[in-house]
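Try each task before you read its solution.

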Amino acid sequence: MLIIKNLSTSYGSIKALTDVSFKAESGKITTIIGANGAGKSTLLRSITALETPTQGSITWDGTELVGKSTESIIRSGIAHVPEGHAVISQLTVEENISVGSLFRVRKNKSDVKKALNDVYELFPRLMERRTQQAGSLSGGERQMLAISRALVSRPKLLLLDEPSLGLAPLIVEQIIQTINDLCRKTGLTVLLVEQNANTALSVADHGILLALGKLIADRPASELRSDTSLRAAYLGY
Amino acid sequence: MDIFLAAVFTGTSKGAIYALVAIGLVLVWRGSGIVNFAQMGQAMFSTYIASTLIINGYSYWIAFVIALIIGSILGVIVDLLVMRPLSNKKGSELLDSQAMKSTIPVIASLGILGVLQSSAGMIWAAEERGFPTPVSNLGFKIGKDVAPFTAFDLFVIGIVLTVLILTTIFFTKTGMGLAMRASALNAEVAKLSGIKTGQVRTLSWAMSGCASSLAGLLVTPSANLSPNTLDLILIIGFTATVVGGLDSLPGAVIGGLLLGFIISFVNVYLSPEDVFLAIMATLLLVLIVKPQGILGKKDSRRV
């Protein structure tokens, strides 16, 4: 279980997150929704130490993450797909995926190959393009690649930052469904940040609504989905 | 014809050394976004140590290996003691600006160069020394004629070729090579893949230190050793890097060889005084026509 307690993170004098607390159950999808600038990405970036929180604690399965380095957090079984189809465009598709499992090669060589085959099975299109440069992929393929890079490390907790950004609805549906299946089948814990609240809430178990860095609602996804007044006030539809 | 061949051979062996200097600069640039002007100071220092060992009766090869190790260690020390603290330090808003962030380490590298040169001057009393070659430095004899290239030229070309092949294999076939490319291209994605980017970065400084001390060992036999003999080689090597593309290893080699040829042809057909003019003209031409360098990427960072 991921437990976030009284978390605040600032950029200089600007407070991006103020006193946020919630829990994300293991094996479930928790979605974090909210408008632009609500602090959703900052929250994920604080979990993997890309930003340093000014106060509060983040524990994953009982281990405190605040104060650890990004590399050691990732190595402890947490994967983070940052915003904007984060792939390395000058490397090939297969190199991009392999980067995600480099740290496992020494200890778990046989599983590294299997993990690679598993993500190819999940996204067969990447298999076809494995020798192409990642820069030549379409937006949807890049997002699949970024997710594959994360999955190949065999994470227990997956942080996904706006996978739908700039993608066609059909591809968004496909990617979200893949994540959903993965969570249900393997017990992967997912923290899904989305601006596209409807899609996110349709697959998530639990929903967190943020506005201007503060926690507004922490409820089951279905409840959040049917609360028209919250939606009108904070999501604008 | 003889003169022409002589120019080609000298150009190749000199160019190979410039290529080595350029490879050292590119490694650090790609690893940490810093142009390390202290590089040939580090090389000078390790060459002095090699020369001291040889004077004290050790064999060339022992001195050679120790110089390479010391060159790598110096690279690591410069990164850990100076460059890393500088890039981690959060100062005022002015110091945190992108322009200052890329300038400060370069200025620091010039400072390190000064420190290395004056300490070498203190330790070795700034005496000029010769430096031996492991193989003959005299032209091959073909009948009565003396060929325009020497066994040492072949040795230099062979070593640089080996370095090239080894670095290519390292970057394309090994996990550490992939980690280094990933860290250089996108540090955030690399970190998020569990790569220890700090260690990878320091390794690139070690490799660069090794390559440049190798260049120092190979160039000193023809230049005599003094605390600032290698300054000129650094300038030429840096020009080669800019000509070839600051972020491209093959570019560094092409730039190095190109400058080797230009220098040796100007030397032979015009006059040695025009060499610098030719170097600067080449630099200017490349900067006007293709500012990112021959093999540099257009969207990548530039100096």
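**Exercise 1. Is A:D61 buried, partly exposed or exposed, going by its C-beta neighbours inside 10 Å?**

Residues are numbered from 1 along each chain as its sequence is written, while chains are lettered from A and ligands numbered from 1 in the order in which they are written. This is a predicted model, in which local features need pLDDT of at least 70 and side-chain atom pairs count only at pLDDT 80 or more, whereas totals for chains, interfaces and linings use all residues.

Step 1. Recall the classes: a residue is buried if 20 or more other C-beta atoms lie within 10 Å of its own, exposed if 12 or fewer, and partly exposed in between, with C-beta atoms placed from the backbone.

Step 2. A:D61 has 14 C-beta neighbours inside 10 Å, so A:D61 counts as partly exposed.

Step 3. Now place A:D61 in the chain: the residue sits in the loop between β4 (55-60) and β5 (63-64) of chain A. Helices here are DSSP runs of H or I with at least four residues, strands are runs of E with at least two, and both are numbered from the N terminus.

Step 4. Check the backbone too: A:D61 is not a glycine, yet its phi is positive, about 50°.

**Exercise 2. Which loop holds A:E162, and how many C-beta neighbours does A:E162 have inside 10 Å?**

Step 1. The loop is the one between β7 (157-161) and α7 (169-186) of chain A.

Step 2. The count for A:E162 is 22 C-beta neighbours inside 10 Å, so A:E162 is buried.

Step 3. A:E162 also has a positive phi, about 45°, although it is not a glycine.

**Exercise 3. How many residues of helix α1 (residues 40-47) of chain A are buried, and what follows the helix?**

Step 1. Eight of its eight residues are buried, and the helix is mostly covered.

Step 2. Among the buried residues of α1(A) are A:K40, A:R45 and A:I47.

Step 3. After α1(A) comes A:A49, with a positive phi near 65°.

**Exercise 4. Describe how α10(B) packs against helix α11 (residues 249-269) of chain B.**

Step 1. Two packed helices are described by the angle between their axes and the distance between the axes. Here axes are lines fitted to C-alpha atoms, for helices over the stretch in contact, and angles run from 0 to 180 degrees between N-to-C directions.

Step 2. For α10 (residues 231-244) of chain B and α11(B), the angle is about 125° and the axes are 7 Å apart. That makes α10(B) oblique to α11(B); angles under 35 degrees count as roughly parallel, over 145 as roughly antiparallel, 65 to 115 as roughly perpendicular and the rest as oblique.

Step 3. The crossing is right-handed; a crossing is left-handed if the near helix is turned anticlockwise from the far one by less than a right angle, and right-handed if clockwise.

Step 4. Look at who meets whom: α10(B) brings residues including B:I236, B:A240 and B:G244, and α11(B) brings residues including B:G251, B:G255 and B:L259. Residues are in contact if their C-beta atoms, placed from the backbone, lie within 7 Å.

Step 5. By class, this contact has seven nonpolar, six polar and no charged residues. Ala, Val, Leu, Ile, Met, Phe, Trp, Tyr, Cys and Pro count as nonpolar, Asp, Glu, Lys and Arg as charged, and the others, Gly among them, as polar.

**Exercise 5. Now do the pair α1(B) and α10(B): at what angle do they pack?**

Step 1. The angle is about 70°, and the axes lie 8 Å apart.

Step 2. α1(B) and α10(B) are therefore roughly perpendicular to each other, and their crossing is right-handed.

Step 3. Residues making the contact include B:Y18, B:V21 and B:L25 of α1(B), and B:I233, B:G237 and B:T241 of α10(B). The classes come to eleven nonpolar, three polar and no charged residues.

**Exercise 6. Where is B:A16 found, and which residues does B:A16 contact?**

Step 1. B:A16 belongs to helix α1 of chain B.

Step 2. With 24 C-beta neighbours inside 10 Å, B:A16 counts as buried.

Step 3. Leaving aside neighbours within four places in sequence, B:A16 is in contact with B:V156, B:I157, B:V160 and B:G256.

Note on methods:
Two residues are in contact if their C-beta atoms, placed from the backbone, lie within 7 Å.
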